[in-house]
Amino acid sequence: MNLQTLLKRIVECCGVPDWWPSSDPFEIAIQAILTQNTNWKNVMKATMNLRKLGLMSPEGLQNVDISTIEDAIRPSGFYKIKAKRIKSFVNFIFEKLNGKIENLKKYSIEDARELLLSISGIGKETADTILLFALDFPIMIVDSYTIRVLKRVGFETPNDYDKLRRILENNAPKKDPETFKLLHSGFDELAKRFCKKSKPLCEECPIRDVCKRKLDTI
Ligand code: SF4
């Protein structure tokens, strides 16, 4: 099976419309930072804390001291580092975007990405998550779930993040934000529900007929 066909299968079997549970671009961006190295349940606990305190806005997070943010996002783990990243991100929004993350849409995708990557603690996966889910830029995200599924199915995956990202973008059924969101959610749902790190559920997996089951890769 070629990659194009596999990606189409993943979109069809496992892609979830409206997969990201927030619709506010700023909240999505904050959650993209919170989700680094933790699971979604913990992200939502931190999200609820920020909402309850009235802090889930650029103004709210700008005007509060960092220890309050640390306490609120503690459930997401690495809370001291993440609080610093959130502060850097919010400062960036005021310094470069006039207080509105939506103003990133005025830039080309390359320039918007470069700006995000200039923020301390924002790496490629986080930047691309913000670009795709918060701002609807047509860009793919490469995460550990994507790499695990591709490797186990039997595809060579380059170590270079951007090389793999472009391969996925070029072979996706369509090159628009909605398709990239479905593809990303498809990889993540497939990995979480079937292609688990240990004890994958191959017999129930919707792509078992095309998978080489290279289970020595995690
Ligand atoms: S068949 Fe098994 S190894 Fe292959 S993608 Fe499905 S769960 Fe993963």
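**Exercise 1. How many residue pairs are in polar contact between domain 1 and domain 2?**

*Solution.* Keep in mind that you are working with a predicted model.

Step 1: The domain assignment gives domain 1 as 3–17 + 141–210 and domain 2 as 25–134.

Step 2: Look for polar contacts between the two. The count is three residue pairs, with both residues at pLDDT 80 or more.

Step 3: See which helices are involved. On the side of domain 1 that touches domain 2, α10 (161–171) and α11 (177–193) each supply at least two residues. The most comes from α11, which gives four residues.

Step 4: Sort that side of domain 1 by class.

**Exercise 2. Describe the area buried between domain 1 and domain 2.**

*Solution.* Step 1: Start with the spacing. The centres of domain 1 and domain 2, taken over C-alpha atoms, are 26 Å apart.

Step 1: Turn to contacts. Here 10 residues of domain 1 meet seven residues of domain 2.

Step 2: Now the area. About 810 Å² is buried between the domains, and carbon and sulfur atoms give 65% of that. In domain 1, the residues that lose the most area to domain 2 are Ile-141, Tyr-161 and Lys-181, which together make up 58% of what that side buries.

**Exercise 3. Find the salt bridges across the interface of domain 1 and domain 2, and work through the pair Asp-128 and Arg-165.**

*Solution.* Step 1: Apply the rule to the interface; it finds three salt bridges.

Step 1: Check the pair. The closest N and O atoms of Asp-128 and Arg-165 are 4.0 Å apart. The cut-off is within 4 Å, and the pair is counted as a salt bridge.

**Exercise 4. Which residues of α10 are buried, and what covers them?**

*Solution.* Step 1: List the buried residues of α10: Tyr-161, Asp-162, Leu-164, Arg-165, Leu-168, Glu-169 and Asn-171.

Step 1: Identify the cover. It includes α1 (3–14), α7 (109–117), α8 (124–134), α9 (144–153) and α11.

Step 2: Inspect the N-terminal end of α10. Asp-160 caps it, with a side-chain oxygen 3.2 Å from the backbone nitrogen of Asp-162.

Step 3: Finish with Asn-171, which lies in α10. A polar atom of the Asn-171 side chain is 2.8 Å from the backbone oxygen of Ile-167. Leaving aside neighbours within four places in sequence, Asn-171 is in contact with Leu-3, Gln-4 and Leu-7.

How values were computed:
Residues are numbered from 1 along each chain as its sequence is written. This is a predicted model: local features need pLDDT of at least 70, side-chain atom pairs count only at pLDDT 80 or more; totals for chains, interfaces and linings use all residues. Side-chain values use heavy atoms; hydrogens and water are left out. Domain bounds come from an automatic or database domain assignment. Contact means heavy atoms within 4.5 Å. Buried area is the accessible area (1.4 Å probe) that two parts lose on being put together, summed over both. A salt bridge is a side-chain nitrogen of Lys or Arg within 4 Å of a carboxyl oxygen of Asp or Glu. A polar contact is a pair of N or O atoms within 3.5 Å; within protein, one must be able to donate a hydrogen and the other to accept it, and residues adjacent in sequence count only if both atoms are side-chain atoms. Buried means under 20% relative accessible area, exposed over 50%, partly exposed in between (1.4 Å probe, protein chains only).
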